[in-house]
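Student: I have a model open and want a quick walk through it. Can we go piece by piece?

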Amino acid sequence: HAMSGLAKWKLVVYLAAITNAGLDLMAATSIPVAEAMVPDGDLTRVNLDVAHALFYADSDPSAVAAITPLLRPMRFSGEAFHQHPQPEDPPPSTYVVCTNDGALPVNLQRAMAQRCDRTIEWPTDHSPFLTRPGDVADVLVNAKRERSIS
């Protein structure tokens, strides 16, 4: 699980992501990606009929057609986050809010971002790593560089 070992990390960058410190915020919010999940044994998977609108609205349909078959079932519950709660002394964090995200409401992203050290906003869908890979790389490189300077 991505949250395990968080206290040992030197830096965290959330890209339109659910933070373990944001679980309380999720309870009062309708989350489109949660509503698009389909049970698959002990796991859940995304309804592929809505994947384009949820995750890849800015992407070319042919790219989406190539990507969606790669989506795999996953655990999608608050229980996974509670197993790895926010450490007492969390690492520095940056949150990238994707304001055109179809999966996570922007108000939820902004609320979680308030609990991070730095916030960036982009007018993108949930997956800017497909349409803005250079910008994503810049955020990671700059966040790492800022961390090594301080």
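Student: Which residue is the bridge partner of Val-97 in strand 5?

Tutor: Glu-121 is the partner. Keep in mind that this is a predicted model.

Student: How many bridges join strand 4 to strand 5?

Tutor: Five. Strand 4 covers residues 93-98, and the two strands run parallel.

Student: What holds paired strands together in general?

Tutor: Strands of a sheet pair through backbone hydrogen bonds, in a parallel or an antiparallel way.

Student: Back to this one. What is the strand order in the sheet?

Tutor: The order is 1-4-5. It is an open sheet of three strands, with parallel pairing.

Student: Which strands stand at the edges?

Tutor: Strand 1 (12-15) and strand 5 (118-122) do. Each has a single partner strand, so one side of each has no neighbour in the sheet.

Student: And what is the average twist?

Tutor: From one strand to the next, the twist averages 15°.

Student: Which strands does helix 6 touch?

Tutor: Helix 6, residues 106-113, packs on the sheet and touches strand 4 and strand 5. The direction of helix 6 makes about 165° with that of strand 4.

Student: New topic. How many salt bridges does the structure hold?

Tutor: Three. One of them joins the side chains of Arg-110 and Glu-121, at 2.8 Å from N to O.

Student: Where do Arg-110 and Glu-121 lie?

Tutor: Arg-110 is in helix 6 and Glu-121 is in strand 5. The pair therefore ties together parts that are 11 residues apart in sequence. Glu-121 is also the bridge partner of Val-97.

Student: Are those two side chains buried, partly exposed or exposed?

Tutor: Arg-110 is partly exposed, at 37% relative accessible area. Glu-121 is partly exposed too, at 39%.

Student: What does Arg-45 form a salt bridge with?

Tutor: Asp-40. The closest N and O atoms are 3.9 Å apart. The cut-off is within 4 Å, so the pair counts as a salt bridge.

Student: How accessible are Arg-45 and Asp-40?

Tutor: Arg-45 has a relative accessible area of 36%. Asp-40 is at 32%. Arg-45 counts as partly exposed, and so does Asp-40.

Student: Which side chain does Asp-135 meet in a salt bridge?

Tutor: The side chain of Arg-132, at 2.6 Å from N to O. Asp-135 is partly exposed at 29%. Arg-132 is partly exposed at 23%.

Student: Which residues does Thr-94 touch?

Tutor: Leaving out residues up to four places away in sequence, Thr-94 touches Val-12, Val-13, Tyr-14, Arg-118, Ile-120, Val-139 and Ala-143.

Student: Zooming out. How many helices and strands are there in the chain?

Tutor: Eight helices and five strands. From the N terminus, the elements run β-α-α-β-β-α-α-α-β-α-β-α-α.

Student: What share of the residues counts as buried?

Tutor: Of the 150 residues, 36%.

Student: Last one. What share of contacts joins residues at least 24 apart?

Tutor: 66%, among contacts between residues at least 6 apart in sequence.

Note on methods
Residues are numbered from 1 along each chain as its sequence is written. This is a predicted model: local features need pLDDT of at least 70, side-chain atom pairs count only at pLDDT 80 or more; totals for chains, interfaces and linings use all residues. Side-chain values use heavy atoms; hydrogens and water are left out. Two strands pair if DSSP finds at least two bridges between them. Helices (H or I, at least four residues) and strands (E, at least two) are DSSP runs, numbered from the N terminus. Axes are lines fitted to C-alpha atoms, for helices over the stretch in contact, and angles run from 0 to 180 degrees between N-to-C directions. Contact means heavy atoms within 4.5 Å. Buried means under 20% relative accessible area, exposed over 50%, partly exposed in between (1.4 Å probe, protein chains only).
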